[in-house]
Amino acid sequence: MNGKNRKDIRPGLEVDIVLKQDQRTGKRTRGIVKEILTNSSFHPHGIKVRLTNGQVGRVQEIISPQG
């Protein structure tokens with residue numbers, strides 16, 4: 001599942017994000033969502049989140065299934 005819809009993302013989900021500095025290469029970083037930073041319900045490049053380790057990026061894929 002992609003991370004373009006805010007309703008699909010919630011704290012505690014495991015996701016792959018692209019960090020700002022990795023946008024050119026598309027390198028992904030995996031982590032657990034701590035908070036959602038995008039206010040709109042949809043974003044074409046992915047919803048921006050902060051991971052539990054403090055990294056911020058746009059969700060490219062949701063790893064863990066919806067509960």
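## Terms and basis of the model

Strands (E, at least two residues) are DSSP runs, numbered from the N terminus, and two strands pair if DSSP finds at least two bridges between them. This is a predicted model, in which local features need pLDDT of at least 70, side-chain atom pairs count only at pLDDT 80 or more, and totals for chains, interfaces and linings use all residues. Residues are numbered from 1 along each chain as its sequence is written, and side-chain values use heavy atoms, with hydrogens and water left out.

## The barrel

Four strands form a closed barrel in the order β1-β2-β3-β4, with antiparallel pairing. On average, neighbouring strands of this sheet are turned by 70° against each other, direction ignored; the axes behind this angle are lines fitted to C-alpha atoms, and angles run from 0 to 180 degrees between N-to-C directions.

## Strand β1 and its partners

Strand β1 is antiparallel to β2, with 5 bridges, and to β4 (residues 56-62), also with 5 bridges. Asp16 stands opposite Arg30 in β2 and opposite Glu61 in β4. Of the 6 residues of β1, 5 are buried (under 20% relative accessible area, with a 1.4 Å probe and protein chains only; exposed means over 50%, partly exposed in between).

## Strands β2 and β3

Strands β2 (residues 28-36) and β3 (residues 48-51) run antiparallel and are joined by 3 bridges. Ile36 stands opposite Val49 in β3.

## The segment before β1

Asp8 lies in the segment before β1 (14-19). Asp8 counts as buried because its relative accessible area is 12%.
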